[in-house]
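Good morning, and thank you for coming.

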Amino acid sequence: MYTQCPECLTIYVVDTATLGQGHGSVRCAHCTMVFDALPSLSDTLPPEPFMNLPVQPPATEAPRLMQPVIRAHPDYAAQADAPPPAPARDALPTFVRRRARRRVHNGRWIGGCAMLALLLAAQLAWANRVALSDNPGTRPLLAHFCAALRCTLPPKQDLSRLTLLSRDIRPHPSVPGALIISATIRNDADFTQPYPLIRIALSDLDENEVAMRRFRPAEYVSDPKTRAAGLAPGATIAVAFEVEDPGRNAVAFEFGFE
């Protein structure tokens, strides 16, 4: 179908969708005038030359439509305005069904989190039990808990308070290719300390280690009761170790506590 702008006489092709959107009113793309497209609406163009499309005169009465195609049911309008029925609850798929909300018991969650926090604190305390037991601020608290739980704290230890009074190294008098290393250790702390792990290292002229060994308390304190009692405050102990001679390169030795 064709229609013509009455201002600039431009002819356009229109369809029912365009006419329906504007209820017959359209805007000219050439002169931007809004006009009624229905008076000049035509199925075909007149033979050329022409300037204007024939304009349909208005009728005194509205035209009557005589050829119905489909007649709607009387209740169609009411049904069209009514909202669509909601689907049955059981007819919904499983993945879109609403589930009843479960009541969350906050008390149980809080109690569980508190128990987990206590368990974590206990694990951290156990992993750092030696450092905590040596700390003057935490040791009394740990001793109180141990008294209630019937456990025993590890003995307090401060390696910096162990003093090496003397040390000596000499060839073994009866074993060829062996050395005897002796030392005297004193506990300068005001508490009893466990016997330490002693580290002895032999080095050359360039201070490079050529031999090293660690001695456990059981290797230099043979009596179990003495070893369990520990080194009392101000007490001294003389130790001696028999080691293999690493050769002429070993010209110096060093004592250490671990």
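Let us begin with Ala232, which touches Asn187 and Thr192 once residues up to four places away in sequence are set aside. Please bear in mind throughout that this is a predicted model. Ala232 sits in the loop between α7 (224-229) and β9. With a relative accessibility of 33%, Ala232 is classed as partly exposed. Along the chain, Ala232 and Asn187 are 45 residues apart, yet their C-alpha atoms are separated by 6.9 Å.

Is Asn187 buried or exposed? Its relative accessible area is 0%, so Asn187 is buried. Asn187 belongs to strand β6. A polar atom of the Asn187 side chain lies 2.9 Å from the backbone oxygen of Leu231. Beyond its neighbours within four places in sequence, Asn187 is in contact with several residues, including Arg161, Leu162, Thr192 and Gln193. Also among them are Leu231, Ala232, Pro233, Gly234 and Ala235.

Three strands, in the order β5-β6-β9, form an open sheet with antiparallel pairing. Which strands stand at the edges of this sheet? They are β5 (162-171) and β9 (236-244); each has a single partner strand, so one side of each is left without a neighbour in the sheet. On average, and with direction ignored, neighbouring strands here are turned by 15° against each other. As a general point, the strands of a sheet pair through backbone hydrogen bonds, in either a parallel or an antiparallel manner. In the present case, β5 and β6 are joined in the antiparallel sense over nine bridges. Within this part of the model, Arg170 stands opposite Ile180 in β6.

There is another sheet to consider. An open sheet of three strands, again antiparallel in its pairing, runs in the order β8-β7-β10. Its edge strands are β8 and β10 (252-257), each of which pairs on one side only. The twist from one strand to the next averages 15°. Six bridges connect β7 and β10 in the antiparallel sense.

What does the side chain of Gln4 reach? It reaches the backbone nitrogen of Leu53, at 2.7 Å. If neighbours within four places in sequence are left aside, the contacts of Gln4 include Leu9, Thr10, Ile11 and Phe35. Ser40, Met51, Asn52 and Leu53 are also among the contacts of Gln4.

Next, a word on backbone geometry. Most residues other than glycine have a negative phi. His23 lies in the loop between α1 (16-22) and β3 (25-27), and its relative accessible area of 71% makes it exposed. Glu207, also not a glycine, has a positive phi of about 65°. Glu207 is placed in the loop between β7 (198-203) and β8 (209-215), and at 69% relative accessibility it counts as exposed.

Let me now step back to the chain as a whole. Its secondary structure comprises seven helices and 10 strands. Of its 258 residues, 21% are buried. The accessible surface amounts to about 20,100 Å², and carbon and sulfur atoms account for 56% of it. Considering contacts between residues at least 6 apart in sequence, 54% join residues at least 24 apart.

Finally, how confident is the prediction? The protein chain averages a pLDDT of 84, and 85% of the residues score at least 70. Confidence is highest in strand β6 (residues 178-187), with a mean of 95. It is lowest in helix α2 (residues 76-81), where the mean is 58. Where pLDDT is low, the predicted coordinates should not be read in detail.

Thank you for your attention.

Key. Residues numbered from 1 in each chain as written. Predicted model: local features only at pLDDT ≥ 70, side-chain atom pairs only at ≥ 80, totals over all residues. Heavy atoms only, no water. pLDDT = per-residue confidence, 0-100. Helix = DSSP H or I, 4+ residues; strand = E, 2+ residues; numbered from the N terminus. Buried < 20%, exposed > 50% of the residue type's maximum accessible area, 1.4 Å probe, protein only. Polar contact = N/O pair within 3.5 Å; in protein donor to acceptor, adjacent residues only side chain to side chain. Contact = heavy atoms within 4.5 Å. Pairing = 2+ DSSP bridges. Axes fitted to C-alpha atoms, helices over the stretch in contact; angles between N-to-C directions. Areas by Shrake-Rupley, 256 points an atom, 1.4 Å probe, with all protein chains shown as cover.
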